[in-house]
Amino acid sequence: PVPTISWRRADGKQIPRKARRHRSSGLLEIPNFQQEDAGLYECVAENVRGKNVARGQLTFYAQPNWIQKISDAHAAIEESVAWECRASGRPKPSYRWLKDGELLLPQGRVQLEQGSLTITNVSLSDAGMYQCVAENRHGIIFASAELSVIAVSPDFSKTLLKKLTLVKVGGEVIIECKPKASPRPTYSWKKGKDVLRENER
């Protein structure tokens, strides 16, 4: 006689409620397939003469999709820059980095770890267009950002040089000079027009 057909999961889990069974055609339909729906399924055909079972593995996969992208950055010479990009996907995506279209390799000041890129002691040669690439066997995606490296001449606008009056002869005076500058400046001191040189005091 025509067999009855039923479906079950071999791992003992319940078939999702959203699934639709078409008894006339023996079809199992699972809309909006998700990770939790993956597994080993069994189709059971049975009549008075016996039964037979067919098994099939349903596997979930997804191409990479950005969770966190990189964005343009500005850095002064000798500063550090850190970027991080993250992507979802199944299987888990792998990452690589490009600079101006060329593969970027970890070396010296450039550190790469999965989706993170760190450049320490930035120089003018580090300026350019960077790309984070995430890929698995189902797809590949790119995120781009530009690094601009800025040189800043010494700026005293935010430095306060106070006029100091000695309260006590023989006391100690400290005057700080910290201008904003990139790269790091060299310093010299003058009293009037005369260059100050170090001595015992």
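Student: Among the contacts in the chain with a separation of 6 or more, what share comes from residues 24 or more positions apart?

Tutor: This is a predicted model, and in it residues 24 or more positions apart account for 53% of the contacts with a separation of 6 or more.

Student: How many helices and how many strands does the chain have?

Tutor: The chain has 19 strands and zero helices, and of its 201 residues, 27% are buried.

Student: In which order do the five strands of the open sheet stand?

Tutor: The order is S7-S15-S14-S10-S11, and the pairing within this open sheet is mixed. Strand S7 (73-76) and strand S11 (102-103) each have a single partner strand and stand at the edges, so one side of each is left without a neighbour in the sheet.

Student: In which sense do strand S10 and strand S14 pair?

Tutor: Strand S10, residues 94-99, and strand S14, residues 128-136, pair in the antiparallel sense over six bridges; to find the pairing in the structure, you can look for Arg-96, which stands opposite Val-133 in S14.

Student: Turning to the surface, which residues form the nonpolar patch?

Tutor: The chain exposes about 15,200 Å², of which carbon and sulfur atoms supply 49%. The nonpolar patch consists of Val-173, Ile-175, Tyr-187, Trp-189 and Leu-196, which together have about 480 Å² of accessible area.

Student: Where does Val-173 lie in the chain?

Tutor: Val-173 lies in the loop between strand S16 (152-155) and strand S17 (180-182), and with a relative accessible area of 41%, Val-173 counts as partly exposed, because that class lies between the cut-offs of 20% and 50%.

Methods. Residues are numbered from 1 along each chain as its sequence is written. This is a predicted model: local features need pLDDT of at least 70, side-chain atom pairs count only at pLDDT 80 or more; totals for chains, interfaces and linings use all residues. Side-chain values use heavy atoms; hydrogens and water are left out. Two strands pair if DSSP finds at least two bridges between them. Helices (H or I, at least four residues) and strands (E, at least two) are DSSP runs, numbered from the N terminus. Buried means under 20% relative accessible area, exposed over 50%, partly exposed in between (1.4 Å probe, protein chains only). Contact means heavy atoms within 4.5 Å. Accessible areas come from the Shrake-Rupley method with a 1.4 Å probe; for residues, only the protein chains shown count as cover. Patches are made of residues with over 30% relative accessible area and no salt bridge: like charges are joined within 9 Å, nonpolar side chains (Val, Leu, Ile, Met, Phe, Trp, Tyr) within 5 Å. A salt bridge is a side-chain nitrogen of Lys or Arg within 4 Å of a carboxyl oxygen of Asp or Glu.
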